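I opened my notebook to look up a few residues and helix pairs, one entry at a time. Come along and check each entry in the viewer as you read.

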Amino acid sequence: MQGHMINMGSPMRGGGKNNKSDKFELNQVFSAFTSLPRVLKLVWATHPTLTVAMGILSIARGFMPAISIWITKLLIDGVVNSIKTQDFFPVFQLVLLQLIIEVFSRLLNTLGNIVQQLLQERVSVRVQVLILEKSNTLDLSFFENPEFYDKLRQASEQSVFRPVQMISQTFDLGRTLITFVSMIFLLLRLEWWLAAVALIVPIPAFIADSRYGWMGYQRMRWQSPERRQMQYFNMVMTTDTYNKEIKLFNLGNFFIDQYRKLGYKLYDENKALLIRRYMTSFLWLSLSVIANAAIYLYVAWQAVLSRITLGDLTLFTQTAVQVSQSFQSILSGISSTYENNLFVGTLFEFLEYKPNISSPEKPSDLTVADTQKGLDVEFRNVSFTYPGKREAVLKNVSFKIAPGEAVALVGRNGAGKTTLVKLLTRLYDPDEGEILMGGRNIKEYDLKELREQVGVIFQDYATYFMSARENIGVGRLAEIENLELVTASAHKSGADAVIDKLPKGYESMLGRWFTEGTQLSGGEWQKIALARAFIRDARILVLDEPTSSLDAQAEYEVFASFRELTEGKTAIFISHRFSTVRLADRIFVLENGEIIENGSHHELIALDGRYAELFNLQAEAYR
Ligand SMILES: Nc1ncnc2c1ncn2[C@@H]1O[C@H](COP(=O)(O)OP(=O)(O)OP(=O)(O)O)[C@@H](O)[C@H]1O
């Protein structure tokens with residue numbers, strides 16, 4: 001009954017201790033049902049039949065205790081009667097009936113459990129999918145924000161089982177209510193005040209329980225950052241990519257220690273609350289046990305005085321216990337619904353996030369004639385500062401790139417080269433100025449269409465633990481089964497030589513996580529990622545340090561056929577290697593968020609500015 005634990009194992013969001021609902025008030029409990037219509041809608045939409053089945057089973061189960069107690073009363077009176085008449089048949093009939101009712105009642109419970117489990121599984125998948133779908137619409141900046149992460153975690157870990165719990169608890173509430181009312185009717189046959197006592201006794205326990213439920217929830221919100229940190233340490237300790245360094249730097253115990261410290265800290269914080277909650281609940285429960293004993297005494301006395309039959313005695317005592325139990329279940333049901341409501345509220349809050357960057361209502365058409373292989377790009381006075389940062393990464397940047405032109409971006413680490421690409425693909429929007437593509441502001445285009453026109457491989461490109469074919473094919477989903485095209489793209493990036501050596505060729509699983517997976521080297525992964533960019537049917541190709549992991553020979557081979565690779569596409573590439581950079585038609589030198597030089601390799605060498613300086617520095621190293 002008092003079954004909701006203070007959850008000690010799940011990360012919550014750091015809502016801050018100054019939340020506006022920081023103080024517990026009892027009337028908040030009655031707002032416990034505010035999420036109910038939405039939750040019901042969610043569960044209903046997931047599986048109407050199971051939802052109805054759960055409701056019907058709950059109602060049927062509600063009547064069972066009263067029926068069972070009534071038959072017990074009849075049985076005992078029957079036995080007393082049989083002693084007088086020496087006719088055992090009526091008793092036999094009643095025992096048989098009791099048996100049937102008992103089996104039926106167990107059957108209802110079993111079916112109820114089955115239905116709830118099935119519904120639970122379905123709803124949890126649905127909720128996860130809803131969360132994933134929402135995440136899919138939100139822009140990159142959300143994923144770089146710790147508070148968002150907290151909420152995402154909380155939504156995906158807690159809210160998955162809470163909705164069904166909430167619904168089943170509501171149905172349980174209905175069931176108990178039916179039991180309760182039928183019991184009160186039985187009890188009223190003897191004394192009205194017995195019913196009243198049974199009603200009043202559980203109230204204090206209810207108030208205490210709701211208060212602790214609320215405190216547990218608040219605590220989890222505060223502890224969320226620590227919990228996420230623990231999860232992070234856990235991930236670091238158990239993920240292959242970290243394992244090498246952890247072993248060689250002997251970091252294992254260091255991270256375990258960090259984890260342990262946080263775990264113990266949370267344990268200490270929760271211990272007192274946990275003990276208080278259950279001890280308080282125990283004390284209040286004892287009160288109802290005492291009240292029941294008193295009722296028992298009174299009714300027994302009535303039986304001794306022969307005012308009621310032996311069957312009535314059993315009926316009244318059992319009913320008294322049932323009334324107080326079911327009332328208690330109703331109240332604790334409300335308080336746990338309240339707790340679930342708080343958690344489910346986070347899910348709905350999460351689902352209400354609106355992306356900052358989205359497609360316009362009436363997007364302009366970006367379809368380009370098949371014959372046109374490249375697209376023009378223009379930055380007009382673009383300035384950008386990352387959220388939460390003070391200094392601008394890009395300051396009033398303007399440039400034009402003609403269709404089919406190949407441009408290289410050079411500059412020091414942190415100069416803003418990758419940021420420029422992020423703006424071009426609308427992972428972020430500029431604070432000032434505008435970016436044009438095909439003569440229009442990119443904000444006028446449908447996001448999906450815009451991104452289809454740009455093939456980007458970032459420095460921290462993704463390594464999908466899927467087959468080699470799929471790793472390349474995801475660059476152009478419609479052609480993922482087209483092995484010919486996949487092979488051709490692999491050939492362009494030099495990935496074909498890597499894949500040919502794999503046990504199952506293009507169908508070989510990559511990465512170490514799944515059965516028969518092969519881990520590739522950094523350079524080999526990069527060739528696969530490059531092939532993914534080449535397969536894309538995009539008019540602008542952006543390669544952010546595309547060859548940083550390739551050996552000199554491989555890089556030479558990729559860039560020897562550079563023109564063939566870009567095939568008249570507009571190409572933007574970022575590189576720190578001047579052997580690569582000099583292949584570009586034009587080179588932009590970025591420094592302190594501005595383009596300080598702009599021209600071909602020869603022009604910039606002749607200019608003898610920053611580019612020439614950087615170039616000579618690198619050339620020097622090879623002399
Ligand atoms: N998501 C982010 N939030 C806040 N600041 C960021 C974010 N990403 C990058 N920055 C900051 O913006 C600046 C420019 O980063 P950017 O990645 O564009 O540099 P880059 O020129 O590509 O560098 P590199 O040559 O090292 O790849 C850096 O100072 C970096 O710290």
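**Entry 1: a threonine and its partners**

I started with a side-chain pair, keeping in mind that this is a predicted model. The side chain of Thr 72 makes a polar contact with the side chain of Gln 98, at 3.4 Å. I also found the Thr 72 side chain reaching the backbone oxygen of Ser 68, at 2.8 Å. I placed Thr 72 in helix α3, which covers residues 48-85.

Is Thr 72 buried or exposed? Its relative accessibility is 14%, so I noted Thr 72 as buried, since buried means under 20%. Leaving aside residues up to four places away in sequence, Thr 72 touches Gln 98, Thr 314 and Gln 318.

**Entry 2**

Next I looked at how helices pack. I reminded myself that two packed helices are described by the angle between their axes and the distance between the axes.

The axes of α3 and helix α7 (residues 162-188) come within 8 Å and cross at roughly 25 degrees. I therefore wrote down α3 and α7 as roughly parallel to each other, because angles under 35 degrees count that way. Their crossing is right-handed. Among the residues that meet, I picked out Phe 63, Ile 69 and Trp 70 in α3, and Phe 171, Ile 178 and Leu 186 in α7. The residues of this contact between α3 and α7 divide into 13 nonpolar, seven polar and three charged.

**Entry 3: α2 and α3**

I stayed with α3 and turned to helix α2 (residues 36-46). The axes of α2 and α3 come within 5 Å and cross at roughly 120 degrees. α2 and α3 are therefore oblique to each other. Val 43, Trp 44 and Thr 46 in α2 meet Pro 48, Thr 51 and Val 52 in α3. I sorted the residues of the α2 contact with α3 into four nonpolar, two polar and no charged.

**Entry 4: α16 and α18**

I noted a right-handed crossing where α16 passes α18. Residues meeting here include Leu 485 and Val 486 in α16, with Leu 530 and Phe 534 in α18. The contact of α16 with α18 divides into seven nonpolar, two polar and two charged residues.

**Entry 5: a phenylalanine**

Where does Phe 615 lie? I found Phe 615 in helix α23 (residues 610-622). Phe 615 counts as buried because its relative accessibility is 15%. Not counting residues up to four places away in sequence, Phe 615 touches Phe 578, Arg 582, His 601 and Ile 605. I also checked Phe 615 against Leu 107, 508 residues apart along the chain: their C-alpha atoms are separated by 82 Å.

**Entry 6: two backbone angles**

Last, I looked at phi. Most residues other than glycine have a negative phi.

Ser 306 is not a glycine, yet I read a positive phi of about 60 degrees. Ser 306 sits in the loop between α11 (252-304) and α12 (310-351). With a relative accessible area of 60%, Ser 306 is exposed.

Asp 608 is not a glycine either, and has a positive phi of about 60 degrees. I located Asp 608 in the loop between α22 (601-607) and α23. Asp 608 counts as exposed, at 58% relative accessibility.

Terms used: Residues are numbered from 1 along each chain as its sequence is written. This is a predicted model: local features need pLDDT of at least 70, side-chain atom pairs count only at pLDDT 80 or more; totals for chains, interfaces and linings use all residues. Side-chain values use heavy atoms; hydrogens and water are left out. Helices (H or I, at least four residues) and strands (E, at least two) are DSSP runs, numbered from the N terminus. Buried means under 20% relative accessible area, exposed over 50%, partly exposed in between (1.4 Å probe, protein chains only). A polar contact is a pair of N or O atoms within 3.5 Å; within protein, one must be able to donate a hydrogen and the other to accept it, and residues adjacent in sequence count only if both atoms are side-chain atoms. Contact means heavy atoms within 4.5 Å. Axes are lines fitted to C-alpha atoms, for helices over the stretch in contact, and angles run from 0 to 180 degrees between N-to-C directions. Angles under 35 degrees count as roughly parallel, over 145 as roughly antiparallel, 65 to 115 as roughly perpendicular and the rest as oblique. A crossing is left-handed if the near helix is turned anticlockwise from the far one by less than a right angle, and right-handed if clockwise. Ala, Val, Leu, Ile, Met, Phe, Trp, Tyr, Cys and Pro count as nonpolar, Asp, Glu, Lys and Arg as charged, and the others, Gly among them, as polar.
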